[in-house]
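Please read each point alongside the sequence and the coordinates.

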Amino acid sequence: MTEDALAYFKGNIKNNLYYYKDDNTNWIKTVYPDNPLQEFKIKVNDFKMDMTRENPSDTDYYNVKILYDKLRDISDAQATDERLWVGLAHDCLFEYMQYRFNLKDDAFSEDRIKKNFFFAYGKKRSLIRHPIARLWWIGRLTYDKNAQNPYYAIEYLKKDFQTKVLTLFSSNFANNSKIARVFLDSMRIIEENGRVVTRGQYRELIKYVNLLSGTTILDYLPKEYLQEKIINHYFKQNK
């Protein structure tokens with residue numbers, strides 16, 4: 001989306017509110033005749049997000065893979081640009097946004113549109129609050145090109161995706177792919193051993209790794225060693 005178009009749509013949510021229930025995006029060029037969308041410089045084949053679940057939030061785990069696979073070649077700089085995610089939300093992913101937030105059925109407000117279709121917070125927080133940007137950035141953080149299953153680290157995020165992701169990105173190691181993958185995979189291993197990591201335990205484990213990162217350069221630790229420390233800490237605290 002162009003800079004001028006972004007300013008227009010963000011500043012006129014109230015006037016355009018009920019267009020967000022429309023079956024298509026034709027209204028966008030009607031209310032803003034000067035082409036609001038810019039052509040993306042990286043070629044991306046058409047794709048559809050998973051919209052098959054009764055509870056739309058249950059698709060987040062699957063849509064990380066779909067979206068990141070298609071947009072893996074964009075740079076971090078491009079991926080921090082609000083115009084990219086707002087443009088996608090108002091164009092090829094408009095139907096997905098309606099599905100994800102039940103816009104066809106639920107009553108909705110100006111505030112709800114602002115917080116989900118646009119960046120409504122500071123840039124860093126918005127990247128993980130915006131529903132499309134969030135999917136890409138968790139893919140960016142956890143994708144392991146050297147693994148047979150490059151998405152092994154998000155297995156733990158199948159349930160309660162949004163809460164776990166928002167909590168993870170509040171950690172000191174949120175920008176470190178290696179540590180984030182080890183941490184999430186440790187959660188998976190714990191649960192495969194018959195435990196359920198509660199939200200409180202999850203937050204406590206993040207605090208533990210934050211403390212470790214303050215006294216140790218975690219990047220230098222072997223993956224298996226760090227994973228063992230996290231898992232042992234969990235079982236020590238939760239006998």
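Which residues do ring pairs link into a cluster? The points below begin with the basis of the values and then take up that question.

1. Basis of the values. This is a predicted model, in which local features need pLDDT of at least 70 and side-chain atom pairs count only at pLDDT 80 or more, whereas totals for chains, interfaces and linings use all residues. Residues are numbered from 1 along each chain as its sequence is written, and side-chain values use heavy atoms, with hydrogens and water left out.

2. The aromatic cluster. The residues that ring pairs link into a cluster are Tyr-8, Phe-9, Tyr-19, Tyr-20, Trp-27, Tyr-32, Phe-94 and Phe-117. Over the whole structure the search finds 20 aromatic pairs (rings of Phe, Tyr and Trp, the last by its six-membered ring, pair if their centres lie within 6.5 Å; planes under 30 degrees apart count as stacked, over 60 as edge-to-face and the rest as tilted).

3. Tyr-20 with Phe-94. The ring centres of Tyr-20 and Phe-94 lie 6.4 Å apart with the planes at 45°, so this pair is tilted. Because Tyr-20 sits in the loop between helix H2 (13-16) and helix H3 (26-31) while Phe-94 belongs to helix H7 (residues 94-100), the pair ties together parts that are 74 residues apart in sequence; helices here are DSSP runs (H or I, at least four residues), numbered from the N terminus. Both Tyr-20 and Phe-94 are buried (buried means under 20% relative accessible area, exposed over 50%, partly exposed in between, with a 1.4 Å probe and protein chains only).

4. Tyr-20 with Phe-117. For Tyr-20 and Phe-117 the ring centres are 4.8 Å apart and the planes stand at 70°, so the pair is edge-to-face. This pair, too, links distant parts of the chain, since Phe-117 is in helix H8 (residues 110-117), 97 residues from Tyr-20. Tyr-20 counts as buried at 0% relative accessibility, and Phe-117 is buried with a relative accessible area of 1%.

5. Gln-98 has its place in helix H7 and is buried, with a relative accessible area of 6%. Leaving aside neighbours within four places in sequence, Gln-98 is in contact (heavy atoms within 4.5 Å) with Tyr-20, Lys-21, Asp-22, Leu-103 and Lys-104.

6. When neighbours within four places in sequence are set aside, the contacts of Trp-85 include Leu-67, Leu-71, Phe-119, His-130 and Trp-136.

7. Helix H4. In helix H4 (residues 60-70) the buried residues are Asp-60, Tyr-61, Asn-63, Val-64, Leu-67 and Tyr-68. Seen down the axis of H4, these buried residues fall within an arc of 155°, so they line one face of the helix; the arc is that of the directions from the helix axis to the C-beta atoms. What covers the buried residues of H4 includes helix H6 (82-89), H7, helix H10 (131-142) and helix H11 (161-168).

8. Salt bridges. The structure holds 13 salt bridges (a side-chain nitrogen of Lys or Arg within 4 Å of a carboxyl oxygen of Asp or Glu). In the one between Asp-185 and Arg-188 the closest N and O atoms are 2.6 Å apart, and both residues lie in helix H12 (residues 177-192), three residues apart, about one turn of the helix. Asp-185 is buried at a relative accessible area of 6%, whereas Arg-188 counts as partly exposed at 24% relative accessibility. Arg-83 also forms a salt bridge with Asp-81, its closest N and O atoms being 2.6 Å apart, and Glu-3, Asp-81 and Arg-83 are linked in a network of salt bridges.

9. Backbone angles to inspect. Asn-102, in the loop between H7 and H8, has a positive phi of about 50° although it is not a glycine. Asp-160, in the loop between H10 and H11, likewise has a positive phi, near 60°, in a residue other than glycine. Asn-102 is partly exposed at 30% relative accessibility, and Asp-160 is partly exposed with a relative accessible area of 33%.

Methods: Helices (H or I, at least four residues) and strands (E, at least two) are DSSP runs, numbered from the N terminus.
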